[in-house]
Amino acid sequence: MNKIRAQHISEARGLFQEFSSRVVESLAKSLDANAADFTFTFENIIQLTDVNELKNSSNIMYKFNTLYNKKRKVPTLVLVPEELIAIFSDIMMGGKGDISYSGSLSEVQVNSSSEFMIEILKNTKECIFQRYQKVVDFDKQVQIVQKARDEFAENLDSGTYNLCIEYIFNVHKTKDFNVVVLMNEDITIETLTEMSLLSFVDEAKVSKTPLKNMDRINDVTVKLTAELGKTKIPIKKTLELGRGSIIELETMAGEDIKIYANEVEIAEAKIVAVDDHFGVQITKIITKEQREHV
């Protein structure tokens with residue numbers, strides 16, 4: 001693993017650890033239950049090299065794409081133990097989740113788990129936006145792949161899902177269950193970087209001015225501009241503008257705004273409140289190389 005990739009994986013640990021609390025909120029909301037009844041603990045994030053253990057486990061596979069900005073598709077698999085699915089189904093039907101697992105799932109339990117997963121993803125989308133102000137979406141339909149089907153092993157053997165995020169799920173402080181999320185490593189890292197949730201920059205590519213020369217320009221003033229967005233409208237609509245008119249900008253809701261220094265784009269940021277004023281919080285620094293490729 002190269003230095004950049006190792007740094008990204010290390011930085012992602014904290015992100016997925018924090019993300020686990022969003023999942024607990026989503027589960028509690030989906031099950032209409034108390035979040036205190038569940039713990040969903042981040043365990044590890046690794047490059048997946050051996051799929052045999054996953055093939056031999058009693059899991060149900062949920063297959064879908066995680067979507068960002070309408071152009072990023074991250075292939076995603078979620079492997080959930082059948083026994084945990086049985087507990088969820090019981091809770092959804094008004095039980096307490098204390099049923100005995102018979103060793104297999106009924107057709108009703110399997111089908112209801114698909115609806116349950118869609119509901120979790122919907123609530124997860126809301127939680128991510130509330131926490132990170134990022135618009136993430138998921139496929140409208142989730143494909144269920146049971147272990148007995150050939151596609152179960154084929155997905156694991158494909159090489160597409162080579163990033164493994166491991167969680168420990170506990171219900172009512174009793175038995176622990178291993179829940180595994182598999183994604184494509186390259187696409188996941190590229191997407192998280194684009195979302196400004198990974199901030200690592202290859203220092204070898206960043207030119208640096210010797211500190212001794214910086215003293216000469218420390219007092220030079222730079223004009224910073226925060227651009228909320230742009231749009232173009234016909235002159236006719238411009239003449240019709242009045243108090244209360246709404247103008248739709250190209251910037252999407254939840255999307256970062258651009259920061260300029262003397263009309264040169266240097267960063268992306270989100271809007272924050274600073275006492276009685278608006279402010280911006282930098283989420284991404286735009287390098288010289290990135291500006292040249294725009």
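Some ground rules before we go on. This is a predicted model, where local features need pLDDT of at least 70 and side-chain atom pairs count only at pLDDT 80 or more, while totals for chains, interfaces and linings use all residues. Residues are numbered from 1 along each chain as its sequence is written, and side-chain values use heavy atoms, with hydrogens and water left out.

Back to R72, then. Which side chain meets R72 in a salt bridge? That is E190, at 3.0 Å from N to O. The rule for a salt bridge is a side-chain nitrogen of Lys or Arg within 4 Å of a carboxyl oxygen of Asp or Glu. R72 sits in strand 3 (residues 72-81) and E190 in helix 6 (residues 185-194), so this pair links distant parts of the chain, 118 residues apart. Helices (H or I, at least four residues) and strands (E, at least two) are DSSP runs, numbered from the N terminus. E190 is partly exposed too, with a relative accessible area of 41%.

By this rule the count of salt bridges comes to eleven. Another one joins E83 and K175, at 2.9 Å from N to O. E83 belongs to helix 3, and K175 to the loop between strand 6 (163-171) and strand 7 (176-183), so the pair ties together parts 92 residues apart in sequence. E83 is partly exposed at 23%, and K175 is partly exposed at 44%. E240 and K236 also meet in a salt bridge, at 2.7 Å from N to O; here K236 is exposed, with a relative accessible area of 58%. There is a network as well, linking K63, R149 and E151 through salt bridges.

Now to helix 3 itself. Helix 3 covers residues 82-92, and nine of its eleven residues are buried. Among the buried ones are L84, I85, I87, F88 and I91. After the helix comes G94, with a positive phi near 100 degrees.

L84 and F88 turn up again around F169. Leaving aside neighbours within four places in sequence, F169 is in contact (heavy atoms within 4.5 Å) with residues including L27, F38, L84, F88, K175 and F177. F169 is also one of the residues with the most contacts inside the largest nonpolar core, alongside Y62 and I165. That core has 48 residues, a nonpolar core being a set of buried Ala, Val, Leu, Ile, Met, Phe, Trp, Tyr and Cys residues joined through side-chain atoms within 4.5 Å. Helix 4 (residues 107-132) gives the most to this core, with seven residues. A second, separate core of 13 residues includes V51, L79, L156 and C164.

Four strands form an open sheet in the order 8-9-10-11, with antiparallel pairing; two strands pair if DSSP finds at least two bridges between them.

Definitions and conventions. Buried means under 20% relative accessible area, exposed over 50%, partly exposed in between (1.4 Å probe, protein chains only).
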